[in-house]
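Subject: Structure handover

Dear colleague,

Here is the structure you asked for. My notes on what was found in it follow below.

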Amino acid sequence: MAMYGNVGDQPILILREGSSQTKGKDAQRSNMQAAQIIAEAVRSSLGPKGMDKMLVDGFGDVTITNDGAVILKEMDVQHPVGKMMVEVSKTQDDEVGDGTTSVVVLAGELLSKAQNLIDKDVHPTVIVDGYRRAAEKALELVDGMAIKTEATNKEMLKKVAMISQAGKLLRENAGFIADLAVNAVSQIAEKTTEGHKVDIDGVIDDIKVEKKAGGSLEETRLIQGVLLDKEVVHSGMPKRVENAKIALLNSALEIEKTEFDTKINIERPDQMKAFLDEEENLLRGMVDKISKVNANVLICQKGIDDVAQHFLAKKGILAVRRASEKDMEKLAKATGGKVVTSLDDLGSGDLGVAALVEEKKISDDKMLFIEGCKNPGALSILIRGGTERVVDEAERSIHDALCVVRDVIRDPRVVAGGGAVEVELASQLRRWSEQSSGKEQLAIQVFAESLEVIPLTLAENAGLDPIDILVELRARHQKGEKWAGVGVMEGEARDMTKLNVYEPLAVKQQILKSASEAASMILRIDDVIASGKSGAAPGGPPKMPGGEDSEGSSEFE
Ligand code: ADP
Ligand code: MG
């Protein structure tokens with residue numbers, strides 16, 4: 001556990017439990033090393049030719065992925081500064097959903113180059129100032145070089161979604177996943193412009209993802225509504241209800257044992273019958289309350305007694321039980337219904353509305369499709385694939401694709417990837433640094449050089465000669481070839497716009513912001529002190545910079 005104090009201008013990192021104090025240059029060096037180790041760990045997975053990582057947890061469960069945020073989340077990082085780096089990647093994921101590897105690689109490079117400067121007796125404060133100015137300028141420059149597009153330009157949205165799939169395990173299915181993501185997010189966006197109130201920021205949250213291993217990935221599909229991994233509880237119930245009026249109930253259709261004395265003395269058979277009759281009447285009464293409001297579908301968060309199921313079936317009501325709280329919330333939002341906690345409160349105004357509720361067979365399982373919901377923004381994705389591992393990775397891939405499409409719809413500007421934007425930024429920053437002088441100029445130039453770690457790493461991971469490529473790229477950019485980058489698949493420097501390698505501007509902006517803020521934060525720590533106190537640090541764990549606001553960063557949890 002670590003906490004941050006502030007002494008004058010220089011924050012100090014306070015370590016708990018056992019670790020002794022490290023001070024000044026030693027502390028700095030050890031922190032920067034920790035950050036670089038994290039960056040090293042994900043570096044080889046950057047880009048379309050990046051390698052995958054096999055993650056094995058304490059139970060021996062295996063995840064194979066190429067996603068920086070996932071790799072870091074699963075890594076057991078102990079060092080407090082290492083944890084800060086993990087946070088950077090998480091912030092990146094929360095804010096824009098892509099660029100999670102790049103941000104860590106860049107932060108690591110900024111720190112590694114800063115270490116060289118410190119070794120040459122440049123004070124960290126000077127580096128921090130230089131980095132800050134350089135990052136501000138870089139953000140201004142990248143804004144200026146961005147390519148404008150339209151939120152409705154599906155061709156561009158698809159290109160961006162395709163690139164977000166580069167390097168993923170399922171890259172062969174990139175086109176399919178990209179189409180799915182573009183369809184899903186544009187549908188919601190169109191509904192927004194049509195005047196329905198659908199929140200584009202909440203899109204990724206609102207799309208309900210269900211996974212079912214079996215079948216092939218191409219069977220993955222978009223469903224206009226909510227999909228529940230539940231089956232109809234009773235064979236006598238309808239499996240298909242049109243013009244559904246849906247009761248959302250958060251209480252059991254069961255007799256709680258406490259409603260009777262725990263011990264019932266039954267001496268005569270007619271007493272037994274009376275007792276059972278009484279129970280039956282209570283359950284019948286419950287079902288009547290549901291049919292009275294004309295509900296024809298019941299989604300129950302709790303259990304439904306066998307006898308109640310029987311009565312529901314007789315009334316022609318389709319029912320499922322033990323839906324999760326999250327599903328109930330989604331259903332309420334999608335169908336315009338209200339989750340009712342007591343049957344006595346259920347009124348016809350609480351019912352949700354959907355054009356069709358139907359149980360369908362998916363592989364060996366049954367699932368409930370609630371389609372044509374009142375809220376047109378309600379969408380689900382049913383992910384299919386050969387094995388659990390495939391559907392899990394497909395979920396991560398689809399998440400990235402949905403995020404980048406959302407990013408571009410929110411801010412329809414893109415830049416060319418493959419390191420092109422980084423080389424161009426570096427070259428413009430170098431030019432701009434002429435206006436400064438001395439050590440600050442040095443820090444700005446080092447910032448510029450750090451940006452080139454992206455094309456260098458892309459080339460390295462593709463088995464190309466990184467230095468040769470970088471030299472060529474610098475020369476081409478000098479000549480005004482703004483979008484020359486690493487043609488990873490082609491094995492040479494290429495104009496990335498011709499290869500359709502586009503990424504959301506938002507992703508690059510967030511990388512620049514988060515990486516430079518994290519590097520500065522780590523650079524400013526010059527004391528690591530083991531704190532004697534135990535228990536939770538006041539104010540909770542440190543929050544990494546980079547988010548526009550604290551609300552935004554919890555958006556996709
Ligand atoms: P991140 O987690 O940072 O998104 P990725 O492994 O997805 O990491 O790699 C992203 C990088 O790969 C970006 O710099 C992007 O421009 C680059 N990239 C993706 N596809 C290509 C391609 N076909 N050619 C060259 N570079 C590419
Ligand atoms: Mg990516």
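To begin with one side chain, Lys289 is partly exposed, with a relative accessible area of 31% (buried means under 20% relative accessible area, exposed over 50%, partly exposed in between, with a 1.4 Å probe and protein chains only). Lys289 pairs with Asp344 in a salt bridge, with 2.8 Å between the closest N and O atoms (a salt bridge is a side-chain nitrogen of Lys or Arg within 4 Å of a carboxyl oxygen of Asp or Glu). This pair links distant parts of the chain, 55 residues apart: Lys289 is in helix H9 (residues 269–292), and Asp344 is in the loop between strand E13 (339–340) and strand E14 (352–362). Helices (H or I, at least four residues) and strands (E, at least two) are DSSP runs, numbered from the N terminus. Asp344 counts as exposed, at 59% relative accessibility.

Before you read on, note that this is a predicted model, in which local features need pLDDT of at least 70 and side-chain atom pairs count only at pLDDT 80 or more, while totals for chains, interfaces and linings use all residues. Residues are numbered from 1 along each chain as its sequence is written, chains are lettered from A and ligands numbered from 1 in the order in which they are written, and side-chain values use heavy atoms, with hydrogens and water left out.

Overall picture

The protein has 557 residues, of which 53% count as buried. Its secondary structure comes to 17 helices and 21 strands. Of the contacts with a separation of 6 or more, 75% are between residues 24 or more positions apart (contact means heavy atoms within 4.5 Å).

Other salt bridges

The structure holds 36 salt bridges. One of them joins Lys211 and Asp392, whose closest N and O atoms are 3.0 Å apart. Lys211 lies in strand E7 (residues 208–213) and Asp392 in helix H12 (residues 388–410), so this pair ties together parts that are 181 residues apart in sequence. Lys211 is partly exposed at 31% relative accessibility, and Asp392 is partly exposed at 27%.

Another salt bridge is formed by Arg132 and Glu136, at 3.9 Å from N to O. Both residues lie in helix H5 (residues 124–145), four residues apart, about one turn of the helix. Arg132 is partly exposed at 46%, whereas Glu136 is exposed at 52%. Asp129 joins Arg132 and Glu136 in a network of salt bridges.

Eight of the nine residues of helix H15 (residues 453–461) are buried, so H15 is largely enclosed by the rest of the structure. Among the buried ones are Leu456, Thr457, Leu458 and Asn461.

The axes of H15 and helix H14 (residues 438–451) come within 4 Å and cross at roughly 30°. That makes H14 roughly parallel to H15 (angles under 35 degrees count as roughly parallel, over 145 as roughly antiparallel, 65 to 115 as roughly perpendicular and the rest as oblique). Glu449, Ser450 and Leu451 of H14 make the contact with Val453, Ile454 and Pro455 of H15.

Regards

Note on methods
Axes fitted to C-alpha atoms, helices over the stretch in contact; angles between N-to-C directions.
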